[in-house]
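Here is a short briefing on one protein chain. Look over the sequence and the model, then read the points below.

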Amino acid sequence: MTLLKSWRPLLAFVVTGGLLASLCYLALRPEHLLSVPEGAAAGSLTMRPCDYDTEAGTVAADCGTLAVPENRRDAKSELIALPVTRVRATSADPAEPIFRLGGGPGRTNMDFPQASRLTGQHDVVLVGYRGIDGSRRLDCPEVTAVMQSADGIAGSKTLPATTKAFELCAARLTDDGIDLTGYSALQRVEDLEAARTALGYSQINLLSSSAGTRTAMIYSWRHPQVLHRSAMVSVNPPGHFFWDPRITDAQFAQYARLCDDDACAARTSDLAEAIRKTAGEIPERWGPFRIKDTNVRVLSQYAMHHNGPASAPNNAPTVIDAYLSRDTGALWAMSVLGDLTLPNSIVWGEFASFAMIDGPAAQRYYDNGGDPGSTLGNASTDFLWAGESGLSTVWPDSPDNAKYREMRTSDVETLLVSGEVDFSTPAQLATDELLPALSRGQQVILPGLGHTADFWEHRPEAGKRLLTTFFDTGKADRSQLDRRPVDFEAVPLSMSTVAKLLIGVTLGGATLGLALLAVIARWSRRRGGIGPRASVWVRTVAVVPLGLGGWLLGVLLIWTVGPDDFVASASVIVPGTGLMVGLGAYLAWTREGRSSQIRRAGLVAAVCGAFLGAWIGCYALSGLLAPAAAIVGAGAAANLGLLCVEHFPRRPDRIWRTPAMRKRLSLTPSGILRRPRSTAQGAP
């Protein structure tokens, strides 16, 4: 090999090769998870000073790792590690700490920016949820992949495939040595108890929300003596890890009554009936674009949980506006947003293990006929449970669950906080089912509010006063919490506008990419090529619009003729991105002075390299970051391929034109192939 003639090609090799190597590392790297400290025993906790980000800024905290058995029923169970964070109280003499239990199931417990509201007199402690935050994470890419490549995330053809995906995920995790029966609500309670003991607290407060309230209930049933007080926001009593369509319809009727007293009444005389009519007539297409019926229904259920402006556009006023407008484009936008947000919003393995406590209740719901003909139908419950013969029939059920599937009594001092129009955990369920079982319970129903996010958003100081007063005195001071009227007109970004933005950006990006490719081709053709310096700039700067345009062409294709695919999958990203970036890089590189052999080699190197780089990038990052990584990978690999062709020590055209090679291939000096004369005896 000969040395490169200047430092510029060497720098280019280093940069492009470094980018590709980085993407390869990201694609192949092992998942970074917490590890059990060396020599740790069950219940041991190591802590160190750290910082924690809250809505009030970065605050002082302690961070550590708690070692616990994966399954406490098994004396030989391996240890797993869970993160623990203690946000320190600002008081010199703090009262009982507040252990926070977030919702889900299937979501982290370590993200709590509102912690700063509670640290005046209390430490706030976060203990990671097993199966999500710790050394073993129960991801089910099989489930996510099925939902993302389906014609509707809860369609009739999707549900059997989703069930099979849950079965395959359970088998794979079990083969990896994970005991799925150890990831129950009871085991989570014992994790919290282990953290309390290790931190040296004699008594604690609990602050739970949504699905986390179920953990708080079991904690109060098992360890009442260590609980000072328990506040539950958006209460989920036993048997309600699914949405009963009858209750959902009652919630729509409640919104209809609120609409009658609002400007909303000018748009409809019966909101509930108007929504039912639109939901019953969801079209299959908006022009050339496919609408997935169950996507619209499931996204509607989730969006109706909250009505505060901080949740927009995924909130009740936006969804109600979409239904009242009867704009097909708005329904299409909801279908697309369902594909983008719902399948990967949950750690499905942890959800399955925790939710199996309500497996029999979900099965009874289906056995009793399921949907009676409601507004949104079974779609949302099907999304969680994969239908009648779904998740509950294939996922291992923990023996821990049997004792905690029915309501029990408790004398722990408890505050129930419910939103008046909460679609996810209706206030009436807490009133009818949990409150009678609490000898020292009280309930606050907040007028006009929905699920948990509405509580934290509406009048933060009032919510803070409600909680801190209860934890400090046992009284629920709701004096500052007034009625918040549902603002049906507060739609800063309608679904119709979202649809226009999606189409505009997609069409604009695809058109820009094609136009840029045409400009580069015309520039190269008219001038016989692009100069070396200009070529470098074009091959560097043009990568982004070219790659983006290629990807968006693929997106348009699946939105129209191939809806059974995900916009950020390799099958959508790689073809367009690889072709557009590869052709663009080649056209900017080629010039008249290069032989036809070199040009052909450059075309192959650029296009094949771009395809390879885009493919690597798709697996380097996930979700909507995958297209960005694919574009970087395609640009780096295409340019690396061209550099190899251009600066390889012995260029192909020179090799072919050496006397030895001409003699071997019987080429004339001009390169024309001639038929060799035979030297065999008797040849003419």
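Is helix α21 largely enclosed by the rest of the structure or largely open? It is largely enclosed, because 16 of the 20 residues of α21 are buried. Buried means under 20% relative accessible area, exposed over 50%, and partly exposed in between (1.4 Å probe, protein chains only).

This is a predicted model: local features need pLDDT of at least 70, side-chain atom pairs count only at pLDDT 80 or more, and totals for chains, interfaces and linings use all residues. Residues are numbered from 1 along each chain as its sequence is written, and side-chain values use heavy atoms, leaving out hydrogens and water.

**Whole chain**
- The protein chain has 25 helices and 11 strands. These are DSSP runs numbered from the N terminus: helices are H or I with at least four residues, strands are E with at least two.
- Of the 684 residues in the protein chain, 56% are buried.
- Its C-alpha atoms fill a box of roughly 110 × 65 × 50 Å along the principal axes.

**Helix α21**
- Helix α21 covers residues 570-589.
- Its 20 residues should span 28 Å at 1.5 Å a residue. The expected span is 1.5 Å times one less than the number of residues.
- The end C-alpha atoms are 27 Å apart, which agrees.

**Residue E70**
- E70 sits in the loop between β2 (57-69) and β3 (79-87).
- E70 is buried, with a relative accessible area of 4%.
- Leaving aside neighbours within four places in sequence, its contacts (heavy atoms within 4.5 Å) include R130, R136 and D179.
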